[in-house]
Amino acid sequence: MSLRMFRASRTRLSLITAGTASLALLATACGGSGDGGTSTAPKEFSYLSVTENTTVKTALTTMSKGVCKAANQALPLKVETVPQSGLDQKLQLLAGQNALPVQFAAGNAPALTQKLAKSGKVADLEKELDKLGVLDQLEPAAVSTIRALYGGKLEVLPYEYNIEGIFYNKKLFQENGLKVPGTWEELVSSAAKLKAAGVQPFSASGQQGWPLTRLISGYLYRSLGPDALQEVADGNAKLTDPEYVKAAQEVAALGKKGYFGKGVGSIDYDTAMNEFLSGKAGMFYMGSWALANIADAKQNKVGADNVGFMPFPAVSGGKGSVDQYPSNVGLGITLGARTFDKKTGDWVSCIAENYGSTALKDHGTISGFKVNTPVEDATEVTSQVRETISESKQNVLWFEALFGTKATTASQTNAAGLVGGSVSPQKFMQTVQDALTAP
């Protein structure tokens, strides 16, 4: 695996954790009168992407010279990039000028895309894909995730699709007589046995925060069911309710027992990844974007064959199911309503039928499109994750997915304190809840 691939995987990480930045400018450019739907025949298959992510751009360029050559000859691909920090402002400017490109990276938060869609500037992708006969080329789990993020609608295409769970070191599990834990109690017991054997049970980045808060949402979804955080977003429940605080208490207990090792608050993403791939930690909660790192022999010192993947375990008596995987579609990509004509449709059909194979073959990345051309997986765990995705029918989101900017920041900056003992579970949940309801 090349250094470029490693950097690409880190880029995907930054895209999915960008969250809800830059929403203050929504009202002005996106209101409109709905004239964004007036048809305008495009002369190019213009694509606005973010500078940090090169995977989609590279894959589309490859396809334009190969399987999508005919579509490209009729409507040549033209890529423009903008730093991700400036994406929302760029989209709003173009929307206000009725000049959105044919295809573009959706805003950093779903709210911007929903605003554009309501003003008639985003294509009705479900209708368009159905007319083209390629709606079935999207994995059901990816569609479920998009609907959860975008108010029940299919407003972006899944150029990336990631599920999350716990990667584990098979060799360490075998050496310590451990089986894959099916319940939270078994997970905690496994962690205790690893620590007693001198092995750090979990690797996690407290500096980023979200790898720790993912454990809280995982517990909530297993204990309260897949609507646990939607209930909070709708105002029907609060993070300070006892059953919600319980999740924070369970995760804090892992830290108190030393299961994250020393100084987790200063551990960044790369260091946490290295701790697991060097065999220093037995388990690593992460998304499937980590498969690129796992397949890289230069990074993975334990060997790809020694890495397994398991779902977040069940909580005894809980309402959730272990086959409900936290998932995301990276930085979604959508299409403009004004420029969605037959030539655009030809491009979209080709993408739907071929992107999944191209991304997997050339970049080792899993998308939400079906893989129609057989591709040999880089590792056994990649095959396992792909099979899991194809069989998954209902997915859930991550802890901050439905939070605003303030609550996301409060959550991720206080997570290390939660597991480090300087912030109590009650205080942590109260802080995030206060940020949720702040004006």
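Which backbone nitrogen does the side chain of Asp-296 reach?

Analyst: Before we zoom in, note that this is a predicted model, where local features need pLDDT of at least 70, side-chain atom pairs count only at pLDDT 80 or more, and totals for chains, interfaces and linings use all residues. Residues are numbered from 1 along each chain as its sequence is written, and side-chain values use heavy atoms, with hydrogens and water left out.

Now to your residue. The side chain of Asp-296 reaches the backbone nitrogen of Lys-298, at 3.0 Å.

Where are we? Asp-296 sits in the loop between helix H15 (291-295) and strand S7 (307-310). Helices (H or I, at least four residues) and strands (E, at least two) are DSSP runs, numbered from the N terminus.

Asp-296 is buried, and buried means under 20% relative accessible area, with exposed over 50% and partly exposed in between (1.4 Å probe, protein chains only). Still, Asp-296 has no salt bridge, meaning a side-chain nitrogen of Lys or Arg within 4 Å of a carboxyl oxygen of Asp or Glu. The nearest side chain of opposite charge is that of Lys-298, 6.4 Å away. For charges, Lys and Arg count as positive and Asp and Glu as negative, while His and the chain ends are not counted.

Thr-365 is in the loop between H16 and helix H17 (380-391). Thr-365 counts as buried because its relative accessibility is 7%.

Asn-98 is in another loop, between helix H5 (87-96) and strand S3 (103-105). Its relative accessible area is 23%, so Asn-98 is partly exposed. Its phi is near 55 degrees, a positive value in a residue other than glycine. Most residues other than glycine have a negative phi.

Finally, there's a disulfide (a pair of cysteine sulfur atoms within 2.5 Å): Cys-68 and Cys-350 have their sulfur atoms 1.9 Å apart. This pair links distant parts of the chain, 282 residues apart, with Cys-68 in the loop between helix H3 (55-64) and helix H4 (69-74) and Cys-350 in helix H16 (residues 342-363). Both cysteines, Cys-68 and Cys-350, are buried.

Notes. Polar contact = N/O pair within 3.5 Å; in protein donor to acceptor, adjacent residues only side chain to side chain.
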